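The report below takes up surface, helices and charged pairs in turn.

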Amino acid sequence: MLNLLTNLVDVTVLYATPLILAAMGGLFSERAGVVNIALEGFMTIGAFSAAIFTIFTGSAWIGLLSAVVVGILFSLPHAIASINWRADQVVSGVAINFLALGIAVYLVKRMYNGSAQTPVVPVKLEQISIPILNRIPVLGPSLFEAYPTTYLAIAIVIIGAVILYKTPFGIHVRAAGIHPAALETAGVSIYRVRYIAVMISGALAALGGAGLSIAVGSEFNQTTVAGQGFIALAALIFGKWRPGGLLLAATFFGFSVGLSLIGQIIKLTNYVPSEVLSMIPYVFTILALAGFVGRAESPASLGKPYEKGSR
Amino acid sequence: MRRVLSVFLFLCLVVGTTGCGGGGQTTTGKFTIGMVTDVGGLNDQSFNQSAWAGITKVKNEQKADIKALESKRDEDYIPNLTRFAREGRSITWAIGFKLDKALTDVSNSFANQKFGIVDSNLGGKIPKNVVAVTFKEHEGSFIMGALAGLKTKTNKVGFLGGVTSPLIQKFEAGYKAGVKAANPNAEVITAYAESFGDATKGRSLSKNMFNSGADIIFQASGGTGKGLFDEVKTREAGKYWAIGVDMDQSFLAPKHTLSSMIKRVDKAVYDISKQTKENKAPMGKQVEFGLKENGVGYPESTKNFVDENVIKQLEDYKQQIISGKIKVPSSL
Amino acid sequence: MKNTTLKQNRNSALLTSILSILLGIIVGAILMLLAGYNPLVAYQALLGSAILQPFDLGETIRTTSPLIFIGLAVALAFRTGLFNIGVEGQYIVGSLTAYLVAAKVSLPTGIHALVAVVAGGLAGAAWAALPGLLKAFRGVHEVIISIMMNFIALYFSNVLVRTWLAVGKDSTDKIPPTASLRIGSLSQLFAGARIHMGIILALLAVFVFYYLLWKTKLGYQLRAVGYNRHAAEYAGISVRRNIVLSFLLSGFLAGLAGATELLGTSEYIAIQDAFIGIGFDGIAVALLGANAPVGVVLSALLFGVLTYGGGNMQFVAGVPFEIIRVVFAAIIFFVAAKISFRWGNRKKGKAYA
C-alpha cells in the first residue's frame, strides 16, 4: 500500500513538473493581457534546443540554459505580433505552435540524416537527492530525490508569486492585464511590461519542455511534448490565473495520471479496459471544473491589444 | 467572386514561375523498388528503418533503383502506393499492417504490378500480385519470456505495451507463455501506455513496475519504450534489466539491456525483393518468418550479460518451438 | 459610402492574404536555401504533384474537403466569440458514429450514406454540447473542457474498435457500399482518386454557413454575442442559449468532417495511437480564411495543396515535409500581423510606434 502511494506521488511529480513550469510562463503573459496559446510551441522549441545543445556541448546544464535563451527568442515574434502589431493573439499563438514543431523536426531531419528523432543525449540532468528529507515515507523519494527541473518549478512558483504580488513589476503586470490605460497614465510603458511578460513565458515554458528531453526523457522527437502545452494552458485556467491555483491544478492532473497508471499495475485492466483507465485524468479534470471550480474569470483585458493613447 | 478569381490567377502565376514539371517517369528494364512507410517514417528505429536497410542491401548488391515515400497520415497510403505503381516499379513495398486496406485497393487497380506488404496477411485474402510477409513475434517473445523467467531474482517480470491491439498482444501472449514455461512461479505485470510515442508515460509505468517488485521488463511499445531505458539506467546495474524490441536496443542502455527481440524485417524484405528479381517470389502467398527462418531472434549482445548455460536453455526452447513440440499462443 | 469602405476592407483583406502567402512561400524558400535544398525544385514538385495529374488533383480535393468542414466549424465558434479547440474530438466521434450507422444498420443506397452523415454530424454536436453547456451555465472555460474531450474521444473510439467493432484486428472491415460517399464515375474522372461526395457537401455547408450567419435572425444573434456579449445581453439576446447553439452547430460541422472522411475516404476505422492533428489544421484554415465562408474555402484549398503536395516535395527534392508546417506558420503569422495594412500605413508615414 505504502509502495503504491509512493508510486502515485512519484508519477504526480513527474507529470506536474513541466506543466507547472509552462503554466507559470502562461501566467505572466496572460496576467499582463497577452493570450498564450503558444505554450505548446515554446515547450517544443525548449525540448528541442535542450537536446541539441546538450549533444553538442556535452553539458546538460548548458542545454537547459540554451532552452531558456531560445525560448525567449521564440517568444519575440509572438510579442511583436500581439503587442506592436496588435494582431489577434490566438492567431499568432497558433502560428507559433506550427512554427515550433515544424522548425524543430525539420532541423532534426536535416541534422541527423532524415531521422525523426535526435540521438540519445550523452548526459542528462540527474536527480538530486536532499539528504534526510528523502527518507520521508511516500513523499521523500519523489519530492526530495527529484530532477533539478522539479526544484526549479517549485522555486519558480514561489518566486513568481512574490514577483507578481509584492513587486512593482508584478503590480504593473497585473495592471496591464486589467486596465492598461490607467497604467500608461501612471507613466509605465505597457509595451515594455507586456514584452517582458511574454519573454518570461517563453523562457519558463521552454524550461518545462527541456525537462522532457534532457531529464525525464533523453531525446527529442515530434511526440516529446505532444499536447502538454495545452494541458498547461488548461491548468492555468483551471487554477484561475493564480500561482497557487495552477500549482494545485497541475498537481491534480499529475495525480490523476498517476491513478490511471497505478490502475494498470494493480491489474484493474482485468475489469476495466486500459483505454478507459487512460481517460481518468481528463474525466477527473472535467468533473472538478464542472462540480467545484466553476467560473473562470480571465484578466479583464486579456487578448485585447493596447493602443497607445486609447482609454 | 473577384477574390476567388484573383487567388486563382495568383496560383496560376506560381505554377507558371516555378514551371510545370512533375509527371511520372517510367522505369523500364531496370530493377526498381519502391517503399511506402507507415506514419512512423523512414528512420523510426523500428520496422520501417529495418525494411529500408534490406532494400538498400538489394540496391548495393543488385544495382537496383530504390526510392522511399514517407506517409504523414493514414490517408497518404493510397496516393503513395499509387505513385510507385504508376511509375511501374518492379516491386512496391507497403511497410506495416496499417497499410493493409490501402494495399488491397491499389494492388487491385494495378493488377500487372507486383507488391509486398510487411506485418499483415491482408485478412487471408491475398491478391495474386501481392506477397504478404508476417513474423511470428510470439515465438521471439516466448524466448524473451523464457530468458526473463530464468534471470529474474524477484519472480516478478513486466511487460510494457504501446497501444492495446492484436499485434502487441501477440508479443504479450508469447512473452507470458515463455515466462510460464521457464519459471512457473514467476508473475507477469502488464501495462499499456495507450500510445507509441509517450516516453514519459513509458517511464512512469516502468518505474511503477520496478517499484512493485519486477526486475526485468520487456517492451513492445515503440517510442514509449524509450522511457523504459531512461528509467532502468537510473537503477542498479546487474539488478534491473530492460529487454528491447525490433532491433538490438542495447545502445539505449548498454549496461542494463539483457536482450532484444529482433525482427528481421530487413532480411525478409531483402529475400523477397531478390526473389522478385529472379521471378521466384511467392506471389499471392503469405510468407511467415519465425524462429525457424531466423526471422525473429535475439542479438549477439545478449551474451554480454547472459551466461552460456542460460543461452543453451534458450536454444533448447527454440528447437522445441521449431520442431513443433512447443506451440506458442499468438493471442491472449 | 458604406459600400465603398466595405469594398476597401475586402480588398485589403485580399491583399493581406496574397502578400502573406507570398511571404510564407519566401520564408520557406529561405529556410530551404539555408539548409542546402533547391526551393525551386521543391515548390515545383509540390505544385506539380498536387494539381497537374487528374489523380493528384482528385486527391488534393479529397484532402481539402474535411478542411473546409473543420474550418467552418472553428470559424462559426469564433464568430460567437468562442474557441472550439475540440474539433479534433468531435471529428473522431463523427467518424465513429458514421461507421456505426454504416456497418450496423442496413438501408438502401444513398439514404444509408445520408443517414450516416447526419448521424456523424449529430454525434459531433453531442460531443460539443458539454463544453458549450458548461461554458454557458457554469462559466467553465471552453478551451479546457474541449481539450479534455479530445483525449476522451480518442480513447473512446479505440476501446470500441478493439473490444467491439474489430475484435482481434487492428482495424474494422470496410463499410458496405450502400453507405459509401464515393461515386464510381467521379473517381474515374480523376483516374481512380478517392474524391467523393464530401466536397459537394462541404461546399453546400459553406453556403448554409453564409446564409445562416448573415441572413437569419439566429446568425445575427450568434454574431452579436461574439461581437459584444454585454451589448447582446442588453439587447435582449440570450447569451447562454447562443453559446450552447454555437457549440452545437460547430460540433455538428466537425462531426460532418469526420463522417464524410470515413464514408468517402478511409471507409474503415483503425486503432489510432495519436491525434491526426486535423483540428489544428482546421483552426489555421479558419484563421487564415478570416472566419469568412469564401475565405475558409480558399485557405482550405491552399492547405490541401500544400499538405498533399508536400509529400512529393520530399520525394523529389529531399526536403523534409515539416517545411510545409513552417510555411503554414509564416502565412498565418503574416495574416495575423495584417501585413498589407501595415505596409499601407507606412507609406502614409504613419508607423505604429
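## Surface, helices and charged pairs

C:Leu204, C:Phe207, C:Val208, C:Tyr210 and C:Tyr211 make a nonpolar surface patch of about 530 Å², where patches are made of residues with over 30% relative accessible area and no salt bridge, like charges being joined within 9 Å and nonpolar side chains (Val, Leu, Ile, Met, Phe, Trp, Tyr) within 5 Å. Of these residues, C:Val208 sits in helix 8 (residues 198-215) of chain C and counts as partly exposed at 47% relative accessibility; buried means under 20% relative accessible area, exposed over 50%, and partly exposed in between (1.4 Å probe, protein chains only).

The model is predicted, with local features needing pLDDT of at least 70 and side-chain atom pairs pLDDT 80 or more, while totals for chains, interfaces and linings use all residues. Residues are numbered from 1 along each chain as its sequence is written, chains are lettered from A and ligands numbered from 1 in the order in which they are written, and side-chain values use heavy atoms, without hydrogens and water.

Helices here are DSSP runs (H or I, at least four residues), as are strands (E, at least two), numbered from the N terminus. In chain A, helix 3 (residues 60-84) has 25 residues that should span 36 Å at 1.5 Å a residue, and its end C-alpha atoms, 35 Å apart, agree with this; the expected span is 1.5 Å times one less than the number of residues. A kink of about 30° in helix 3 of chain A is centred on A:His78, the bend being the angle between axes fitted to the seven residues ending there and the seven starting there. Helix 4 of chain C is largely enclosed by the rest of the structure, because 14 of its 18 residues are buried.

A search of the whole structure finds 31 salt bridges over all chains, each a side-chain nitrogen of Lys or Arg within 4 Å of a carboxyl oxygen of Asp or Glu.

C:Glu59 lies in helix 3 (residues 54-79) of chain C and C:Arg194 in the loop between helix 7 (184-189) and helix 8 of chain C, so the pair ties together parts that are 135 residues apart in sequence. Both C:Glu59 and C:Arg194 are buried, whereas B:Glu300 counts as exposed at 62% relative accessibility and B:Lys303 as partly exposed at 48%.

Note on methods
Areas by Shrake-Rupley, 256 points an atom, 1.4 Å probe, with all protein chains shown as cover.
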